[in-house]
Amino acid sequence: MPEPNLNGAYYGPSIPPPTKTYHRSRGGSSCNPCSCLFNCLCTCICQIIFTLLIALGVIALVLWLVLRPNKVKFYVTDATLTQFDLSTANNTLYYDLALNMTIRNPNKRVGIYYDSIEARAMYQGQRFASHNLEPFYQGHKNTSNLHPVFKGQSLLLLGDREKSNYNNEKNSGVYDIEMKLYMRIRLKIGWIKTHKIKPKIECDFKVPLEANGRSANFEETRCHLDW
């Protein structure tokens with residue numbers, strides 16, 4: 001049987017084109033829409049937080065360079081102790097102590113609002129008196145004076161070692177007394193006022209007992225500021 005002429009015209013049914021086969025690469029991975037959205041949100045939030053931290057750091061550096069803040073200085077300049085008697089019969093301390101203090105604000109552009117001041121007198125770790133002082137405002141490069149006075153009687157329970165220390169100080173006529181100031185203050189920088197800050201000031205000083213109306217020498221003492 002003769003072979004058909006393949007070069008001639010073909011009038012039979014149409015021949016479909018060859019199908020293309022696609023192979024998915026094993027290394028590729030599809031992205032879940034929820035996961036992609038979550039990753040985008042996390043990235044944006046991290047970038048915003050990082051930008052804010054940098055901006056706050058720059059602002060703080062500029063403020064420090066402009067203001068150059070210095071620590072406020074507290075001093076006990078004078079102390080008068082006319083009574084400091086501990087009764088062993090009822091463990092009661094009878095005291096009469098008057099202090100003169102100065103607060104020095106050395107800053108040129110920072111004012112301070114002293115909204116509340118509580119002075120606590122301590123002896124061998126125990127409080128025996130407290131005194132609330134009047135609130136006030138302290139301007140730039142200014143020195144203010146405080147005059148806490150402690151007078152009265154208080155229960156004071158001392159151990160054997162503390163009683164021995166008291167007897168030694170009574171014989172010497174010089175007592176080691178501590179005063180703490182608990183404050184609520186606000187800083188004023190131009191028209192800006194900060195939130196309330198609670199610094200604590202500790203003053204350790206030795207005060208001689210005045211006897212028979214004779215005044216005793218007191219050594220000026222600088223206090224420690226704890227923010």
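## Reading a predicted fold, feature by feature

Of the 227 residues of the protein chain, 29% count as buried.

User: Before we start, what kind of model is this?

Analyst: This is a predicted model, in which local features need pLDDT of at least 70, side-chain atom pairs count only at pLDDT 80 or more, and totals for chains, interfaces and linings use all residues. Residues are numbered from 1 along each chain as its sequence is written, and side-chain values use heavy atoms, with hydrogens and water left out.

User: Thanks. What does "buried" stand for in that opening figure?

Analyst: Buried means under 20% relative accessible area, exposed means over 50%, and partly exposed lies in between (1.4 Å probe, protein chains only). The areas come from the Shrake-Rupley method with a 1.4 Å probe, and for residues only the protein chains shown count as cover. Here the protein chain exposes about 16100 Å², and carbon and sulfur atoms supply 55% of that area.

User: Which residues touch the most other members of the largest nonpolar core?

Analyst: The general idea is that in soluble globular proteins, nonpolar side chains tend to be buried together. A nonpolar core is a set of buried Ala, Val, Leu, Ile, Met, Phe, Trp, Tyr and Cys residues joined through side-chain atoms within 4.5 Å. In this model the largest one has 42 residues, and Phe74, Phe84, Ile177 and Met179 touch the most other members. At least two residues of this core come from each of β1 (73-87), β2 (92-105), β3, β4 (126-133), β8 (174-189) and β10.

User: Could we zoom in on Met179? What does Met179 touch?

Analyst: Contact means heavy atoms within 4.5 Å. Leaving out residues up to four places away in sequence, Met179 touches a list that includes Val76, Leu99, Met101, Phe150, Ile201, Cys203 and Phe205. Across the protein chain, among contacts between residues at least 6 apart in sequence, 71% join residues at least 24 apart.

User: Next, disulfides. How many are there?

Analyst: A disulfide is a covalent bond between the sulfur atoms of two cysteines. The rule used here is a pair of cysteine sulfur atoms within 2.5 Å, and by that rule the count comes to one disulfide. That bond joins Cys203 to Cys223, with S to S at 2.0 Å. The torsion about the S-S bond of Cys203 and Cys223 is about 105°, so the disulfide is right-handed. Cys203 sits in strand β10 (residues 200-208) and Cys223 in the loop between β11 (221-222) and β12 (224-226), 20 residues apart. Cys203 is buried at 0% relative accessibility, and Cys223 is buried too, at 7%.

User: Now the rings. How many aromatic pairs are there?

Analyst: Rings of Phe, Tyr and Trp (its six-membered ring) pair if their centres lie within 6.5 Å; planes under 30 degrees apart count as stacked, over 60 as edge-to-face and the rest as tilted. The structure holds nine aromatic pairs. One of them, Tyr113 with Tyr137, is tilted, at 4.6 Å centre to centre and 45° between the planes. Tyr113 lies in strand β3 (residues 110-123) and Tyr137 in strand β5 (residues 136-138), so the pair ties together parts that are 24 residues apart in sequence. Tyr113 is buried at 18% relative accessible area, whereas Tyr137 is partly exposed at 36%.

User: Which rings have a charged end over them?

Analyst: A charge sits over a ring if NZ of Lys or CZ of Arg is within 6 Å of the ring centre and within 35 degrees of the ring normal. The charged end of Arg186 sits over the ring of Tyr113, 4.8 Å from its centre. Arg120 does this at Tyr182, with its charged end 4.2 Å from the ring centre.

Key: Helix = DSSP H or I, 4+ residues; strand = E, 2+ residues; numbered from the N terminus.
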